[in-house]
Structure formats: C-alpha cells, structure tokens
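Reader: I would like to learn how to read helix packing and nonpolar cores in a model of this kind. Could we go through the features one at a time?

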Amino acid sequence: MLGIFKSTTIPALEQSLTFSERRHELLAGNIANLDTPGYRSRDLDESEFQNALAESIHDSRRTRPTDSIGAVTRDDIYAGPRAASEQVVFHDGSDVSLEGQITEIAKNQHLHGLAITTMRSQFSLLRAAITERA
C-alpha cells in the first residue's frame, strides 16, 4: 500500500509543505520583531531547498529504496534558518522591512497553496483509482 505513494508527487509535496510552514514561522517572527533594536531577519533559503529537493527526487528515481515511503527523507534540506541578507540596515541596527517580509509571506503562501492544491488533486486521483470511478 505504501508503494502507491512512491509513484506520486505526494512525498515531494509533503516536504514542500513542511518547508513553507517552517519558513512562514520565521517570516512571522521577523514581523513580530519589527521594532526590536538590533534584530536581524531570518529566513530559509528557497533555492537551496529546491536544489536539494530536486536532487533527492532524482536520487530516489535512480535507486528506489524499499525502506522509505517518500522521495525526500533528508532532514538537512532545511537544517535551520539563516540570516537573511537585507540591503538596508536601519538606525536602530535592525534590518527588518515590513514590506519585504509581507512580500516574502505572500510568495510563501502561494507555494503552500499550490502544494495543497496539487496534493488534493493527487488524493482525488488515488481515490478514483481505488474506488474505480472516474
């Protein structure tokens, strides 16, 4: 039964959802600390995650491990937050821009919504296959 999920995009979508949830927490924390003097914004590197996810998917297609239910099992894909490299440092020593953080949250929410929508579609296809209905 678990082998069914290996042939779908569900494991990669699950990792994308986990990434977007963790990133949202960091971005919300940046906004919460907007007025904290000396606070440096934190973020997760999207391109690093995308590269690691693509590499993991490629590796899983090549090796097809039998003990793993998902294509992505690496915990180090999003090992931890990094200091975001903002361009402007304000007079209080912080680098948090409300507009920049809101923009990043909107982009992150789009990624999360896309992953949820695609996952729902995958589950609908699986349900149709199991019940033999179109």
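Reader: Which residues form the largest nonpolar core?

Author: A nonpolar core is a set of buried Ala, Val, Leu, Ile, Met, Phe, Trp, Tyr and Cys residues joined through side-chain atoms within 4.5 Å, where buried means under 20% relative accessible area, exposed over 50% and partly exposed in between, with a 1.4 Å probe and protein chains only. Here the largest such core has 7 residues, namely Ala-12, Phe-19, Leu-26, Leu-44, Phe-49, Leu-53 and Leu-111. Helix H2 gives the most to this core, with 3 residues, and H2 and helix H3 (46-63) each supply at least two. Apart from it lies another core of 6 residues, including Ile-10, Leu-13, Ala-115 and Leu-126.

Reader: What should I keep in mind about the origin of these values?

Author: This is a predicted model, in which local features need pLDDT of at least 70 and side-chain atom pairs count only at pLDDT 80 or more, while totals for chains, interfaces and linings use all residues. Residues are numbered from 1 along each chain as its sequence is written, and side-chain values use heavy atoms, with hydrogens and water left out.

Reader: How many helices and strands does the protein have?

Author: Helices (H or I, at least four residues) and strands (E, at least two) are DSSP runs, numbered from the N terminus. The protein has 4 helices and 2 strands, in the sequence pattern α-α-β-α-β-α.

Reader: At what angle do the axes of H2 and H4 cross?

Author: Axes are lines fitted to C-alpha atoms, for helices over the stretch in contact, and angles run from 0 to 180 degrees between N-to-C directions. The axes of H2 (residues 10-32) and H4 (residues 98-131) come within 9 Å and cross at roughly 155°, which makes H2 roughly antiparallel to H4 (under 35 degrees is roughly parallel, over 145 roughly antiparallel, 65 to 115 roughly perpendicular and the rest oblique).

Reader: Is Gln-122 buried or exposed?

Author: Gln-122, in helix H4, is buried, with a relative accessible area of 17%. Contact means heavy atoms within 4.5 Å, and, not counting residues up to four places away in sequence, Gln-122 touches Thr-8, Thr-9, Ile-10 and Leu-13.
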